[in-house]
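This briefing is intended for a reader who wishes to set up calculations on the structure shown below. Please consult the sequence and the coordinates alongside the text.

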Amino acid sequence: MVGGNAIRGTRIGAAGPSSESERGETAPRSVVSYWCANGHESRLSFALDAEIPDEWDCPKCGLPGGQDVQNPPSAGRTEPFKSHLEYVKERRSDEEGEALLEEALEKLRQRRGRA
Ligand SMILES: [Zn+2]
């Protein structure tokens, strides 16, 4: 029985190197190109068993890139961030505007009070 195991062992050992050499060959990879709205191409290679994302942020400009060169994802996706900043600015100006309005109303009230 020991001899049988040894034979099996050598067979497994013989199979090992061949599978390793298979791995050593150019690993099968799928190359996927992503294009952003600015026309930048980002070429990425993924392992075949890897999950390929539909979109990839462009490393050059940060815009989202899609696999369809004719129809890259719109830059609108980054707008929420910008509009958040704008929202903060708007809110500030609104507060200032409200303060000015309050001031104006106060003057009106004072005028009315005098009149
Ligand atoms: Zn880009």
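The points below are grouped by topic.

The model is a predicted one. Its protein chain has two helices and four strands, arranged along the sequence in the pattern α-β-β-β-β-α. A zinc ion has four protein donors, C36, H40, C58 and C61, and their arrangement is tetrahedral.

**Overall architecture**

- Of the 115 residues in the protein chain, 11% are buried.
- The protein chain exposes about 9600 Å², and carbon and sulfur atoms supply 52% of that area.
- When contacts between residues at least 6 apart in sequence are considered, 26% of them join residues at least 24 apart.

**Zinc site**

- The donor atoms are SG of C36, ND1 of H40, SG of C58 and SG of C61, and they lie 2.0 to 2.3 Å from the zinc ion.
- Along the chain, the donors follow the spacing C-x3-H-x17-C-x2-C.
- H40 belongs to the loop between β1 (29–36) and β2, while C61 belongs to the loop between β3 (55–57) and β4 (64–66), so this pair ties together parts that are 21 residues apart in sequence.
- The four donor atoms subtend angles of 107 to 116 degrees around the zinc ion, and the arrangement is therefore tetrahedral.
- For four tetrahedral donors, the ideal angle at a metal is 109.5 degrees.
- H40 is partly exposed at 24% relative accessibility, and C61 is likewise classed as partly exposed, with a relative accessible area of 33%.

**Aromatic residues**

- The structure holds two aromatic pairs.
- In one of them, the ring centres of F46 and W56 are 5.8 Å apart and the ring planes stand at 75 degrees, so the pair is edge-to-face.
- F46 lies in strand β2 and W56 in strand β3, so the pair ties together parts that are 10 residues apart in sequence.
- F46 counts as buried at 11% relative accessibility, whereas W56 counts as partly exposed at 35%.
- Y34, F46 and W56 form one aromatic cluster.

- S42 lies in strand β2, which covers residues 41–47.
- With a relative accessibility of 8%, S42 counts as buried, because the cut-off for that class is under 20%.
- Leaving aside residues up to four places away in sequence, S42 touches V32, S33, Y34, C58 and P59.
- Among these contacts of S42, C58 is also a zinc donor and Y34 also belongs to the aromatic cluster.

**Salt bridges**

- The count of salt bridges comes to two.
- One joins the side chains of E41 and R43, with an N to O distance of 3.3 Å.
- E41 is partly exposed at 33% relative accessibility, whereas R43 is exposed, with a relative accessible area of 61%.
- Another joins the side chains of E106 and R109, again with an N to O distance of 3.3 Å.
- E106 and R109 are three residues apart in helix α2 (residues 79–114), which means that about one helical turn separates them.
- E106 is partly exposed, with a relative accessible area of 37%, and R109 is partly exposed, with a relative accessible area of 47%.

Methods:
Residues are numbered from 1 along each chain as its sequence is written. This is a predicted model: local features need pLDDT of at least 70, side-chain atom pairs count only at pLDDT 80 or more; totals for chains, interfaces and linings use all residues. Side-chain values use heavy atoms; hydrogens and water are left out. Buried means under 20% relative accessible area, exposed over 50%, partly exposed in between (1.4 Å probe, protein chains only). Contact means heavy atoms within 4.5 Å. Accessible areas come from the Shrake-Rupley method with a 1.4 Å probe; for residues, only the protein chains shown count as cover. A salt bridge is a side-chain nitrogen of Lys or Arg within 4 Å of a carboxyl oxygen of Asp or Glu. Donors are N, O and S atoms within 2.8 Å of the metal (3.2 Å for Na, K and Ca); water is not among the atoms, so sites may look incomplete. Four donors count as tetrahedral if all angles lie between 85 and 135 degrees; four count as square planar and six as octahedral if opposite donors are over 155 degrees apart and all others between 65 and 115; anything else is irregular. Rings of Phe, Tyr and Trp (its six-membered ring) pair if their centres lie within 6.5 Å; planes under 30 degrees apart count as stacked, over 60 as edge-to-face and the rest as tilted.
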